[in-house]
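Welcome, and please open your viewer. We will walk through this structure stop by stop, selecting side chains as we go.

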Amino acid sequence: MTVHAACVLIFNCTDEEILSVARKGNPNDKGLPGGSVEAGEFSLQAALRELKEEAGIELGPYDVGDEGFIGEGRNGKEVETFISCICKQTPFKPSEEGAVAWVPVEKILTGSFGEYNTELLKMFSRKDAPVPTCSCTRK
């Protein structure tokens, strides 16, 4: 299976909110930070690169769960999503892609990626889902 895109589902550890990026040209269409996997990249590398480009947040491979969720995104392309938890106080930068903001979970369940995000949240809500320890609780 070829993964064509990768993204990061980031919860904040103080509220039930998710880091979102508005899609180009539509500030009301909220999605996860992510994008295409470039030639020679692993999907985790692509997800972390896109997070840095879109939100200015730099995470390392140990800051995300070691297992991603692979599902069918728009246009039938495979998308791999990794999960992380960071403190709401972590600064992020405005993006040229769109507005970056903490939003309630419901905000990412509609729009261009609503169906994928709904399946994604079902998968990660399982008791055995690989959710990493929040960055502000690590010593």
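**Stop one: salt bridges**

The count comes to six salt bridges, each being a side-chain nitrogen of Lys or Arg within 4 Å of a carboxyl oxygen of Asp or Glu. You are looking at a predicted model, where local features need pLDDT of at least 70 and side-chain atom pairs count only at pLDDT 80 or more, while totals for chains, interfaces and linings use all residues. Residues are numbered from 1 along each chain as its sequence is written, and side-chain values use heavy atoms, with hydrogens and water left out.

Select R49 and E38: they form a salt bridge whose closest N and O atoms are 3.6 Å apart. R49 sits in helix α1 (residues 43-55) and E38 in the loop between β4 (34-36) and α1, so this pair links distant parts of the chain, eleven residues apart. Helices (H or I, at least four residues) and strands (E, at least two) are DSSP runs, numbered from the N terminus.

E50 is buried, at 10% relative accessibility; buried means under 20% relative accessible area, exposed over 50%, and partly exposed in between (1.4 Å probe, protein chains only).

Next, pick K52 and E58, a salt bridge with its closest N and O atoms 3.5 Å apart.

**Stop two: rings**

How many aromatic pairs does the structure hold? There is one. Rings of Phe, Tyr and Trp (its six-membered ring) pair if their centres lie within 6.5 Å. Select F69 and Y116, both buried.

How values were computed
Phe/Tyr/Trp six-rings, centres within 6.5 Å; stacked < 30°, edge-to-face > 60°.
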